[in-house]
Amino acid sequence: MVNCCGLITANKDPVPLKSIEVELEVRDHVATVVSTLNYENKEDKPLEAVFVFPLPGDAAVCHFSAQIGQTQIVAEVKEKQKAREEYDDALSSGQQAFLLEESEQSPDIFSLSVGSLPPGESASIRLDYVTELAVQADDGLRFCLPAVLNPRYQPLGSGGSGGVQVTSVPASLVPYSLSFSARVSSPRPISKVESSCSLDPLQYLNSEQTQATIKLAAGHKFDRDVELLIYYKDAHQPTAVVEAGQASAELGSLMGDPVVMVSLYPEFPQSVMSSVASCGEFVFLLDRSGSMDCPINNSKQQETRISSARDTLLLLLKSLPMGCYFNIYSFGSSYEHIFPKSVEYSQQTMEEALKKVGEMGANLGGTEILSPLQHIYSQSCIPSQPRQLFVFTDGEVGNTKQVLDLVKKNSGSHRCFSFGIGEGSSSALINGLAKEGGGHAQFITGTDRMQPKVMQSLRFALQPAVVDISVTWDLPKGVSVTVLSPPITALFQGQRSLIYAQLTGQSPKAAEGCVTVKYSLAGHPSQNQLRFSLKPAEDTGSTVHRLGARTLIRSLEMEERERRGQPDGGLKEKVVQLSVQSGVSSSFTAFIAVNKADGEAIQGPLVRRNIPIAWMGVPPINLCSFSTQNAMACGAPSERRKKKLCAGPVMMSDEPEMAFGVLRGLDLCGGAPTTVMPKQPPRDPLLQLVSLQQASGCWLLDPALSAALGKTSEEVDKSKPAPVNSDVWATVLALIWLHGFKKDAKEEWELLAMKAASWLRSQNAPCLTECVEAGNALLGCSMQKDVLGL
C-alpha cells in the first residue's frame, strides 16, 4: 500500500519534523492559537522540508517566524509570486528561507517550506492564527485542531492548480509528537469542557470559574482531530467588544481605527417558533465517494460513514411534513438522483426513496460535488415551497472556492445545511456551504452520532425563513461606521451572528453606541437591539482587527472570483494591500522569511523531504491514483528555481516513494468504480420502529411492529381496547415506546413523534385515555397523554 501511493514512512527516510506544540487561548468565543513546529536535520545534506497541513477554514493566520539557534527571523506578508521568487532566490544563494502559503483552491490548507536546513541544525517555526468558535446545536462552542488532512479530490481535466501535495501515513507511523494546552476565559462561568480526545482534568483558576486551563492527556495518537467543546453558563448573551487601533498604523486605515465586534443572539417570538412549517422542497445531497466507506469513528469500526448517512436519511424522510416536496441526489465522480425532479411527499414516494437509499454504497468514485449542485440549481423552484438543501460529505474536495461561489450565486433561491462527516473534513467547505447558503453547519466527529445533529438542522429548516434583514447603527456625532462583514442573510433561533465594523472619528468619553437588527419572521416585523460602550477593551491585542480584516479579505476574494475575466476595479490589489497592512494571510499573499544573519552560503546538494501527515484508515484499495500533476499548488520546486539551479543543488530522491506528487482522490483506478454493497449490521431497535412509520405519521398494526416493540402479535392484539381502531392503537403503542424506552434519543425522533401525535388528534379517536392506559400496561410504562402530545 505504501509503495503504490508514493508515501513516506518513518522507517524509510529521516523526517525532519520532530514535534508540534500548540497553545490555545480562548476568550469568550474567539480563539488565538500559537503552534510551534520543531525541525531537526539529522542527515549529512542540507534539507528542504515541506509540510502540507490543515487549519480551520475561517482562521486568520497573522504571525510566522523562525528561530535558528539564537537568531529569530520574523516573516513578512508579501504578494505571493514575489514571496516565492524571494524564497527561490534565497535557496539558490545557499541561504535559509521559510515560506508559508495558503492553497489557491481551499483556504483551509497551507504549505510550509523550510529551505536549506544545514546538517545537524535545528529550527523552530512559530505560526499564530485567530479564529471564531462556532456555536453547536447544544450551545457548546467548538474548537477543532485538524490533525488529519484527507486527500482532496480534484476533478480530472479541471485544469485547476488545486491538487494538494499530501504525504500520508497511518497514524501509528507519524514520526512527530503533539503537545496541546488551552486556557479559557469568559465574562460568564465555564460550566464544562469536553473533547473526543483524552484530557487532563479541567483546572479552574479563580472562584468565579470564569478562567480555566486544560491539557491533552499524554500519549495522544494522530488518529483524530483535537476537538474541544466549551460550555458557558448563560451563553446566549449579546456582546460587543471595541478594540483600539494600533498606534503605529495610520489613522483612517483599518489597523489604525478602532474596530468593533458585535455578537448577536436574536430571540424570536415563541408564538411564531411553536409552529412547524408544513411546506418546503427538501433536497438531500449525499456523498458516495470511496472514502465514505471508512468507519465514522474509531470506537465503532463496523459503522461506516455511508451506513450512518443511510440511517439518517431514514429519520429525515420519516420526519418530513405532509404536503412538502423532496428529492435525493448522490454523487462521487458522477451523480444520480432518485426522481427526475422533486416530487410530492407521500407514502408511495417515501417508500420508493427508502428502497433506493437502502441500496446506496460508497461506490461512486471521487468527490465531484460541483456538477450535482449545478444540476440542482438548474431545476426550477416550486412556488410556495421554499427550497432547503442538505449536503452530507466527508469534505475531501479540491475546488472548494469554486463550489462556494456557486452556492453564493444561488443563495437567493434556497437555504443550505451542511454536514462534515468524520475526521479531516474540510471546515472551509462545510462552514462555507452553510454561510453562503444562509443555513447551518454541523460536524460529526469522534463518538458523535450523526442523527441528532442532522435533526437539529431539520428543525432550523422547518423554522420560518427570516427575511428583510437590516442592520442600523446609532453612534455619537463625529463617529462614522464602515461595516467589514457581508450582509447577514440568515438568522436562526439561538444561533450567533457576528458583525465587524471599523469606527472612524473621535468619540466623547463614556460614549455609547447602539446596533439594531430588524427583520421579518412569518409576516411579523421584529427587532433586536444592543447598546455598547465605545471605550476600547483591554488586553485584546489585535485579535478583533485581524478577524475583521480576514472577514473583509474573504469577501473581496469572492468578489474578485465572481468578476474574473471582467474589470474588477483592482480587487486583487486591494486584497494584497489589506493583507500586507493587517499581516493576515490571503490567497494572493504569502509569508516569507530569509535568514541573512551570517551571510555564509550553505554547501552541498539540497534534498527535499515531504513531511507525512496521518490518514484516517482509508481502505488500501482506494489509494491507487498518484500523480505529479498540479503539485506546484503546494510548494513543489518552481520551474524558475529549477532553471536557476541548473545542474544544481536541488536533488530529488531517485526512489519512486520519495517523488513529490498529488493524491488525486479515491477510487480513481482508471476503470469503472468498484461496486461495494452496503454492509447490513443488525438493525437498531429505534430505527426498526421508525422504518415502520407511514408517511402520514401513523403506524400499522402488524407482526413487524409487534416484533419492534418486543412483543408477540397475540400479546398486542389481546391488549387492544375493543372500540379502538387498530392503526390508532399501533400509533399510541409506538409513541409510548419512544417516550418510555428512547428518551435519551429524543432529538432524533421528536419530529416524527410530533407528526404521529398530530395524526392521532386528527382522528378524533374515542377512548384515547383508555388506549394510553392499556398501552402502558402492555409495555410496562407510565406515560401520560400530555407527554405524548395528545
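The model is predicted, so local features need pLDDT of at least 70 and side-chain atom pairs count only at pLDDT 80 or more, while totals for chains, interfaces and linings use all residues. Residues are numbered from 1 along each chain as its sequence is written, and side-chain values use heavy atoms, with hydrogens and water left out.

The chain as a whole. The protein chain has 18 helices and 37 strands; these are DSSP runs, H or I of at least four residues for helices and E of at least two for strands, numbered from the N terminus. Of its 790 residues, 58% are buried, meaning under 20% relative accessible area with a 1.4 Å probe, protein chains only. Contact means heavy atoms within 4.5 Å. Of the contacts between residues at least 6 apart in sequence, 77% join residues at least 24 apart.

Now the cores. A nonpolar core is a set of buried Ala, Val, Leu, Ile, Met, Phe, Trp, Tyr and Cys residues joined through side-chain atoms within 4.5 Å. The largest has 80 residues, and Phe282, Phe284, Phe392 and Trp699 have the most contacts inside it. Helix 16, residues 726–741, gives the most to this core, with 10 residues. Apart from it lies another core, of 54 residues, including Tyr39 and Leu127. Beyond its neighbours within four places in sequence, Phe284 touches Leu313, Tyr329 and Phe392, among others.

Last, a sheet. Strand 30, residues 512–521, is joined to strand 31 by 10 bridges. Gly513 stands opposite Phe532 in strand 31.

Technical notes:
Two strands pair if DSSP finds at least two bridges between them. Buried means under 20% relative accessible area, exposed over 50%, partly exposed in between (1.4 Å probe, protein chains only).
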